[in-house]
Amino acid sequence: MIIPNQKVLYTNTNIACKWKVLSLGLSLFFVFTLNAQTLRFKEPLRESVHSQSILQEGTFYYSVGQIYSPSVGRYGVILMKLDSLGRLLKTRTLLDSNFTYFPSNHISLEKTLDGNFMTIVNKSANPRSNGILIFNQNLDTLDYLLPVQDSKVRHFYQIKQLPDSGFVITGYLYETTKNRYNASLIRTDKDGQLLWEQVYKEPDTFSIEPFHVYPTPDGGFLMAGQKVYLADYQTADPVLLRTDSAGNLLWKKTYGGNQVDGIACAAYRDDGNIMLFYSQGTKPLQQGHSLAAVFSIIDDSNGNELSKKLYPFIN
């Protein structure tokens, strides 16, 4: 009789001990986990690189992007050169502890007429400036041009070099009194000196941001971007602006459906019409907003859609 009771007592004691050990283990686990989370969140910021555009030249690849340096405490621009297998050969950074260098969000790396490279660099100093960085295949700076130097808030997005060696730049001019962006087109000579600037405004309730610029067959310019309704910043449409060679507006059109649509990019076809690419909203934001790809053919003379192909999601 004693032995069974002792066994039961021993078993119950074992169970109690096991629960205590388990509880202690779980407590230690949670404490360790919380400490690990705390340590992770307290970990100092490390250097990071965000590549934004890449271009092939011969057997090499060149890239421009953004870098964060914890030692400087600023963002800067990083240029990279890679071989045909993607191995990094050389880097160069533009960093300064007093201000931030940054490439545009929609920046592209472009070729110059003489085989070098150029990109737009925005500098958040006082006053803020927008420059054309020209560099060679060794990543050496050949020139840094500042077409506009005034107190107005501008942001350059894309640049192209034209047959006369001058440049055309698209971006926005910020209108502080109405808190909106107005599309801007800038034309310079070969030395980056300003020849003219055209600004394209919408009614007070809209902003226009052109992210891309394309020379047109007749010597004019095409800009592609987005038009945003300022009341809630939840309504947007792809937009094209077509100008003559002096930047005078010929037509301006928005595309897409009645939901929130995506940013546009474009290119010219051999027949002179425009290929337009954008994303069209399929649901309101309140219902889980989603986008579907759209390819359209646009009449270059008036901006009307000649055809439209929507590519819905595939389940």
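Two strands pair if DSSP finds at least two bridges between them. Hi everyone, that is our way into this structure. The strands themselves, like helices, are DSSP runs numbered from the N terminus, with at least two residues (E) for a strand and at least four (H or I) for a helix.

Before the tour, a word on the source. This is a predicted model, so local features need pLDDT of at least 70 and side-chain atom pairs count only at pLDDT 80 or more, while totals for chains, interfaces and linings use all residues. Residues are numbered from 1 along each chain as its sequence is written, and side-chain values use heavy atoms, with hydrogens and water left out.

Let's start with an open sheet of four strands, in the order S1-S2-S3-S4 and with antiparallel pairing. Its edge strands are S1 (48-57) and S4 (88-94), each pairing on one side only. From one strand to the next, the twist averages 20°; here axes are lines fitted to C-alpha atoms, and angles run from 0 to 180 degrees between N-to-C directions. Inside this sheet, S2 (residues 60-69) and S3 (residues 74-82) run antiparallel and are joined by nine bridges. If you want one to look for, Ser63 has Met80 in S3 as its bridge partner.

Now to another open sheet of four strands, S10-S11-S12-S13, again with antiparallel pairing. S10 and S13 (194-200) are at the edges with a single partner strand each, so one side of each has no neighbour in the sheet. S12 (residues 180-188) is joined to S13 by six bridges, and Ser184 has Val199 as its bridge partner there.

Next, the aromatic rings. Rings of Phe, Tyr and Trp (its six-membered ring) pair if their centres lie within 6.5 Å; planes under 30 degrees apart count as stacked, over 60 as edge-to-face and the rest as tilted. By this rule there are nine aromatic pairs. Why is the pair of Tyr157 and Phe211 edge-to-face? Their ring centres are 4.7 Å apart and the planes stand at 70°, so the pair falls in that class. Tyr157 lies in S10 (residues 154-161) and Phe211 in S14 (residues 206-215), so this pair ties together parts 54 residues apart in sequence. Both are buried (under 20% relative accessible area with a 1.4 Å probe, protein chains only; over 50% is exposed, and in between is partly exposed). Tyr157 has a relative accessible area of 4%, and Phe211 has 2%. Ring pairs also link these two with Tyr172, Tyr174 and Tyr181 into a cluster.

Last stop: the nonpolar cores. A nonpolar core is a set of buried Ala, Val, Leu, Ile, Met, Phe, Trp, Tyr and Cys residues joined through side-chain atoms within 4.5 Å. Which members of the 14-residue largest core touch the most other members? They are Leu222, Leu240, Ala266, Ile274 and Leu276. Strands S15 (221-229), S18 (265-268), S19 (274-281) and S20 (291-298) each give two or more residues to this core, and S19 has the largest share, with three. Beyond its neighbours within four places in sequence, Ile274 has contacts (heavy atoms within 4.5 Å) that include Leu222, Trp251, Tyr268 and Asp300. Apart from this core lies another, of 13 residues, among them Leu79, Phe99, Tyr101 and Leu139.
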